[in-house]
Amino acid sequence: MLWPMFFLAVAFCGIAVLGVLAVRVGLEVRRFSRAVGDSSERITRAAQNLERAAHPLAARTGRLHGQGGTQGPNET
């Protein structure tokens, strides 16, 4: 009777450990997804800032909205 109770207690402890680890993994996944979302927003903002900063340069070279030809800035 001792061995079956021992194995039952070990099985219960094993399931409890797996449950704790599952909760920890869930919390880490939530934290990671939040970090990915924040990074995505920062990348979007940086791309918008880059586009805004490049707009005057594109207008000066005449390449904005297909206004320029096939020549580069150093070609005549």
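Start with the salt bridge: the structure holds one, where the term means a side-chain nitrogen of Lys or Arg within 4 Å of a carboxyl oxygen of Asp or Glu. This is a predicted model, in which local features need pLDDT of at least 70 and side-chain atom pairs count only at pLDDT 80 or more, while totals for chains, interfaces and linings use all residues. Residues are numbered from 1 along each chain as its sequence is written, and side-chain values use heavy atoms, with hydrogens and water left out.

**Stop 1: the salt bridge.** Select arginine 31 and glutamate 28. Their side chains meet at 2.7 Å, N to O. Side chains of opposite charge can pair when their charged atoms come close. Both residues lie in helix H1, three residues apart, about one turn of the helix. An α-helix has 3.6 residues a turn, so residues three or four places apart point the same way. Now colour by accessibility: buried means under 20% relative accessible area, exposed over 50%, partly exposed in between (1.4 Å probe, protein chains only). Arginine 31 is exposed at 54%. Glutamate 28 is partly exposed at 43%.

Stop 2: Select residues 2-61, the extent of H1. The chain has one helix and zero strands; helices (H or I, at least four residues) and strands (E, at least two) are DSSP runs, numbered from the N terminus. H1 has 60 residues and should span 88 Å at 1.5 Å a residue; its end C-alpha atoms are 87 Å apart, which agrees. The expected span is 1.5 Å times one less than the number of residues.

**Stop 3: the aromatic end of the tour.** Select Trp3, Phe6 and Phe7, which ring pairs link into a cluster. Rings of Phe, Tyr and Trp (its six-membered ring) pair if their centres lie within 6.5 Å; planes under 30 degrees apart count as stacked, over 60 as edge-to-face and the rest as tilted. The count comes to three aromatic pairs. Tryptophan 3 and phenylalanine 6 have ring centres 5.9 Å apart and planes at 90 degrees, so this pair is edge-to-face. Tryptophan 3 is exposed at 57%, phenylalanine 6 partly exposed at 43% and phenylalanine 7 exposed at 53%.

Trp3, Phe6, Phe7 and Val10 make a nonpolar surface patch of about 470 Å². Patch residues have over 30% relative accessible area and no salt bridge; like charges are joined within 9 Å, nonpolar side chains (Val, Leu, Ile, Met, Phe, Trp, Tyr) within 5 Å.

**Stop 4: the kink and beyond.** Go to alanine 54. H1 has a kink of about 30 degrees there, shortly before proline 56. The bend is the angle between axes fitted to the seven residues ending at a residue and the seven starting there.

**Stop 5: the surface.** Show the whole chain. Buried residues make up 3% of its 76 residues. The chain exposes about 7,100 Å², and carbon and sulfur atoms supply 67% of that, by the Shrake-Rupley method with a 1.4 Å probe.
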